[in-house]
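Please keep the sequence and the 3D view open as you read.

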Amino acid sequence: MPSRPTHPSWATTSLRTAARSALACAAAALPALAQAPTQPPTHWAFTPLAPLPTQHTTSATTLPQGPIDALLDEARTRAGLHPNPPAEPHVLLRRAAYVLTGLPPDPALAQAYLQDPSPANFAAAVETLLASPHYAERQARHWLDLARYSDSNGLDENLAFANAFRYRDWVVTAHHQDLPFDRFGTLQIAGDLMVDEPDVGPMGHVATGFLALGPRMLAEQDKPKLVLDTVDEQLDLVGRTFLGLTLGCARCHDHKFDPVSHRDYHAMAGIFHSTKSFAELGHVAKWLDVELTTKAAQQQREAAVAAAEAAERTLREARDRAERELRQELWRAAGRYLLAGAEQLPLGVYLEAESSQDTSLRADDQTWGAPDCTILHTHRGGPQFAAWPVAVPAAGVYHLWARAAAQESRPMRLLVDGRETHAKTLAETTGGWRPEHQRWCDLGRVTLTAGPHLLRLEAVGPHVPHLDALWLGPEPTADGLAPELVAAAARYLARGRTGPLFAPLVRAVRGEPFAVAGAAAPLAACVLGEPTPRDLAELVGRYQTLFAAAALAVGSEPKKATQPLADPALEAARSGLFGSQGVFDLLPEQWQHCLPETAAAELARLAAAAASARGAVPTAGPRALCVAEGEVKDLPVYARGNHLAPAAEPTPRGVPAVLTALVPGPRMPERQSGRAELARWLFDAGNALSARVFVNRIWQRAFGAGLSRTPSNFGLRGDAVVHRELLDWLAADAIAHGWSQKHVWRRLLASAAWQQSSADAPERRERDPDNRMVWRAERQRLDAESVRDAMLAIAGTLDRTMGGTLLATKDRDYVTNDQSQNQADYDAPRRALYLPVVRNAMYDLFTAFDYCDGSVHQEQRPSSAVATQALLLLNAPFVRKAARAFAEAALAAVPVAEHEPLGARQVRWVWAHAYGRAPSPLEVAAAERWFATAAAAGQTAEALPGLCQMVFASNEFLHVD
């Protein structure tokens, strides 16, 4: 590999200087580049709604059912075209059911309508579908495509949006309630500013998930760039979704096609830059979320939290004071504790953990242990245990301790001679897994006879703490001394790793001479000066003299108790007693057992008060992704979109100048972002652009293609609207009826244009191959969700529960990365709307059938026909399972009599539920041949499931005519 080229320092400096100069020149040129368009808008989308003609002429070949058909008929007449006849009743109902609910028609509804397929009964069927909660689910999914809904962040840090489902459920509820679209849009842009309104409340925060759900480069270390990238994504989303404009194209320069200037972009970007989208901008930034509660409940909880924190603070201060006083006492009594501990040594048994003669655990002195601290830890799956034979010198009650490290609780059960004495012990946490986190943990008391015994520890769960040593000693009985601390001194001395300070004491306990030699000499000389101590008691007395000097050096200041002392001998005394791994290095809960009765009682009272205060804190409410008001500021124009090249002056917040001809731009408040003003401007009755985009999207859902076939781009490079008058009439009608989506649906589905058949006509297709004159209905392929949901619905296994989440991953945990796999569960029989949408790891069935990209605004899904779709339908376990359930439902409804083969009765039932019609004689004959072939092969049990699977894979099932 060639070496990387290097540049001399002068060249690097010159390059940097040139870059800074270029940026400065670009910034200076911004005012000239960022001028608003000077020509008045002439493009149809930027003009007011066109007035409707007072009369319409119609051809003799059609009977218009309203303005929609009258306007279309005029256009067809001019083009020399005429529409198709009405679709057959069963086709019409199936079309309405899938368009409105994404599910096949309910059999009861179908039976009622098909008995009398009159216009009045069809209108009644449409009302039933509009009132169904499944209508809300279906329309919500369309909106979620625009809102780039997902349950994870994607990009560099694919973390779980575990609370995103609340936004999805809010969208479903809004559609079920037919929330006026202008209100629906306003809440998604500025709902957090409306939470005080009675009909909004905390759900206003949830609605702003529309702005919060975008993918973010959370680990981007250029934080201003991260914020501006987020602003750009939000601005572009609002522009495409509500205005049908690609405003994001003006980030770096004037829009190349539309009259939106570089300055217009930054005027609008200031609104979203004044909006807070992140809770913090650390190494990995955190998106903003809030607790969903009322202001009164929030204040009540804050007061309760403050009271609990005060009680905790009082308890903590009392504990610190009691521990400080205990330390002072221990300085004075340390020698006595060491002497008492030394006297315990011959009576107890010390065991290194690795001395176990029967264990499934692994000895480790490299990874989690150390050369002087060999530990046992979980090695592989299966039972986790270790056992140690011990010889007890005398009968009595013994206390068992284990030296262990545990960052999380991993309890074990204790068995003595095969009998369980403690079902759950050793559950303490010590702060980590390393040798420096090792602490002595109390396993409990056991009554033993003199002689040999077998101690055994077994994991309660799949893992064990990191075990270093065990100490089995009798209950200490020293007068005036805390038994816990006597045991601590005994364990410390028994371990024998005391360093140079206590080496003479350890040798003395073992009966060795008080010799001073080697590295121990400098410290040992402090306690072994001439003359040599005559016995152990005199040696301990000299230690006490050293402790007294160290105590004076430490004093009563709490900080000094944990800070090294300047004098080496005094520091050795301090750390030997109270430092990490010292004699009195105990877990916090162990300290409290050593306090005097009065201090212990006071701490118990304060602990009970703190627990009561904690218990009085109301449970935290659910949380939701959202945005909030941030630091309000106008942005300068950035040259080429580069935040390092700002213009000298900020650009006042505002809206694109070209659109102020429709509705004057709003006046931006000084202390708020301006999102509320932006929303009011967007949905002003005079803003023809927002209304046109709104009704065009519903037309797109109903007819398969919008009147403008670029529904998120009404700009100059967007699709030209052939039926301008019709689009404007629909927009004006929607505004007049309170922006009701259901009203627009009623208008469209009642039209002859929507109710006509999808039959082809070659001569008309040659004249109008794209069906711009709407002379026939468009045959539409079911989308991914409807393919899946229809199988479950027809099979009778669809769980119609609404709302909630199926994402198992905790909020902000990784959903997918190099080490973890997608934990999402796609097997639940809920509607596909509720299955997790994980960016970078989509469900296979979704991707096969052109599911949306959850990372971007998607105005319309593609519709492909590829071999992988057929292969999936013929082989996927999900499809086979659904087909078997469908067959079982058919046999339950139309059972086969004894000695009677499968036949026409079962076929008719399957056809009625899958296609909404009766089978033809040819179809019945083909199905019966299939049954006969299966019977001849001895596979009768697979015949009907196989037929049901073929139905699922058929074109008629996958398409709506």
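The model you are looking at is a predicted one.

Valine 774 sits in the loop between helix H27 (762-767) and strand E20. Its backbone deserves a look, for valine 774 has a positive phi of about 55° although it is not a glycine. Is valine 774 buried or exposed? Residues under 20% relative accessible area count as buried, so valine 774, at 7% relative accessibility, is buried.

You will find arginine 812 in the loop between helix H28 and helix H29 (844-848). With a relative accessible area of 23%, arginine 812 is partly exposed.

Valine 774 leads us on to the cavities. The model holds seven cavities of 30 Å³ or more, and the largest cavity has a volume of about 190 Å³. This largest cavity is lined by 19 residues, and the closest to its centre are Trp699, Phe703, Ala705, Val774 and Glu778. Which helices each supply at least two residues of that lining? They are helix H23 (688-703) and helix H26 (752-755), and H23 gives the most, with three residues. Sorted by class, the lining of the largest cavity has ten nonpolar, four polar and five charged residues.

Helix H6 covers residues 119-131, and its 13 residues reach 18 Å from the first C-alpha to the last, close to the 18 Å expected at 1.5 Å a residue. Phe122, Ala125, Val126, Leu129 and Leu130 are the buried residues of H6. Looking down the axis of H6, you would see these buried residues fall within an arc of 140°, so they line one face of the helix. What covers the buried residues of H6 includes helix H4 (89-101), helix H5 (107-115), helix H7 (133-146), helix H25 (741-749) and H26.

Val924, Ala927, Phe931 and Ala934 are buried in H33. Seen down the axis of H33, the buried residues stay within an arc of 85°, so they line one face of the helix. That face packs against its neighbours: the buried residues of H33 meet helix H32 (904-915) and helix H34 (940-952). On the face turned away from the buried side, H33 carries the exposed residues Pro921, Leu922, Arg929, Thr933 and Ala936. After H33 comes glycine 938, whose phi is positive, near 70°.

Now for the open spaces. Of its 33 lining residues, Gly704, Gln780, Arg781, Gln860 and Arg861 are the closest to its centre. Two or more lining residues come from each of H4, H7, H23, strand E20 (780-781), helix H28 (784-795) and strand E21 (959-960), with the largest share, four residues, from H7. How is this lining made up by class? The lining of the largest pocket has nine nonpolar, ten polar and 14 charged residues.

The second largest pocket holds about 590 Å³ of space. It is lined by 26 residues, with Pro104, Pro105, Asp106, Pro107 and Ala110 nearest its centre. H4, H5, H6, H28 and H32 each give two or more residues to the lining of the second largest pocket, and the largest share, five residues, comes from H5. By class, this lining has 14 nonpolar, eight polar and four charged residues.

Terms used: Residues are numbered from 1 along each chain as its sequence is written. This is a predicted model: local features need pLDDT of at least 70, side-chain atom pairs count only at pLDDT 80 or more; totals for chains, interfaces and linings use all residues. Side-chain values use heavy atoms; hydrogens and water are left out. On a 1 Å grid over the protein atoms alone, a cavity is a set of points where a 1.4 Å probe fits but cannot get out, and a pocket is an open set with protein on both sides within 12 Å along at least five of seven lines; lining residues have an atom within 4 Å of a point. Grid points are joined across faces, edges and corners, and a volume is the space filled by probe spheres set on the points. Ala, Val, Leu, Ile, Met, Phe, Trp, Tyr, Cys and Pro count as nonpolar, Asp, Glu, Lys and Arg as charged, and the others, Gly among them, as polar. Buried means under 20% relative accessible area, exposed over 50%, partly exposed in between (1.4 Å probe, protein chains only). The arc is that of the directions from the helix axis to the C-beta atoms. Contact means heavy atoms within 4.5 Å. The expected span of a helix is 1.5 Å times one less than its number of residues.
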